[in-house]
Amino acid sequence: MEYEQMEAFLMVAKTKSFSRSAELLNVVQSTVTVRIQQLERKLGKKLFIRKTRSVELTDHGKILLPYIERVMELIKEGEQATISYGRYSERLTIGGLYSVWNSAFYSIIQKYRQKYPQVAIRLMTNHSDEINLKIKDGLFDAGLVCIPPMDPAFETVPLYQETLELVKSPSLSLEKTMVSSKDLLSLPYIHLDWGPPFTEWFIQEVGQQELMGFSVDDAGTLLRALQLGEGIGFVLHQTVLEQIQNGTLERVPFYSNQPIPKRTIFLVYPKRKQHHPALQQWISYLLEEIKIFAY
């Protein structure tokens, strides 16, 4: 496959439009069409279905999409590595959860950069599954996740535990001063599934819910909604510590049959890179600093 063909394929898959793709790629529409046709001929499969106002991926196109995405990411990584060569002696790409980068843990990254300025470090935010996949593909050197991969090719090290608590804006009034798990569905509750073991705990305490009144899929959106006084929600202690201290958020007294489970953060990295100098230096520094990390 040629670079231009993969580029055109990704753009059409994203925009669902040949004309819009041509505009963004700064070529005429016929060029995009030809590139897609060439790719389809090479694979012997139809990749797109033309509809009245858009185009959609076929089943074969859907299978191909994640592979092309990863190839293009690798190409970009290679470009960046080449450009930065000479400016830095080493480079690291670390994937992490939103809650990791937006907590006191970030101070460890800050101190590492001050101690090792010759290392170019790139922090990427993703969900655990996506981080694990990118490590496997070689796009990330290591990751900080809450769901470690069940793969013998990975090294997994438990680092610390995160505590969840129920919070709200001081501007939001509740009739009850003490909230129970059974009260949640009758209150302006904003749901974020924090993954296991929180998922299992929530089902046990509240019951299986096919549809929540208000749910979000990332901690940043949840935090924004809570600060605006839209409801109450479970957040990680370290991510809201500053807001609680300055009074923009407050804890909601809460009780349940079973205590809210803590979430463990794991360091994961591929065993094939265990002798990589820069990665081993970073891991050693991290494990030393985590001993005094307050959480």
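The legends below describe close-up views of a predicted model. Local features are taken at pLDDT of at least 70 and side-chain atom pairs at pLDDT 80 or more, while totals for chains, interfaces and linings use all residues. Residues are numbered from 1 along each chain as its sequence is written, and side-chain values use heavy atoms, with hydrogens and water left out.

**View 1. An open sheet of three strands has the order β9-β7-β10, with antiparallel pairing.** Strands (E, at least two residues) and helices (H or I, at least four) are DSSP runs numbered from the N terminus, and two strands pair if DSSP finds at least two bridges between them. Because β9 (233-236) and β10 (250-251) stand at the edges with a single partner strand each, one side of each is left without a neighbour in the sheet. Strand β7 (residues 164-168) is joined to the antiparallel β9 by four bridges, and glutamate 165 has valine 235 of β9 as its bridge partner.

**View 2. Tryptophan 201 and phenylalanine 234 form an edge-to-face pair.** Rings of Phe, Tyr and Trp (its six-membered ring) pair if their centres lie within 6.5 Å, and planes under 30 degrees apart count as stacked, over 60 as edge-to-face and the rest as tilted. Here the centres are 5.7 Å apart and the planes stand at 90 degrees. The pair links distant parts of the chain, with tryptophan 201 in helix α8 (residues 198-206) and phenylalanine 234 in strand β9, 33 residues apart. Tryptophan 201 is buried, at a relative accessible area of 5%, and phenylalanine 234 is buried at 2%, where buried means under 20%, exposed over 50% and partly exposed in between (1.4 Å probe, protein chains only).

**View 3. Tyrosine 112 and tyrosine 116 form a tilted aromatic pair.** The structure holds 14 aromatic pairs; in this one the ring centres are 4.9 Å apart, with 40 degrees between the planes. Both tyrosine 112 and tyrosine 116 are buried.

**View 4. Serine 21 lies in helix α2 (residues 18-25).** Serine 21 counts as buried, at 0% relative accessibility. Its side chain reaches the backbone oxygen of methionine 11 at 3.3 Å. Not counting residues up to four places away in sequence, serine 21 touches Met11, Val12, Thr15 and Val32, contact meaning heavy atoms within 4.5 Å.

Terms used
Polar contact = N/O pair within 3.5 Å; in protein donor to acceptor, adjacent residues only side chain to side chain.
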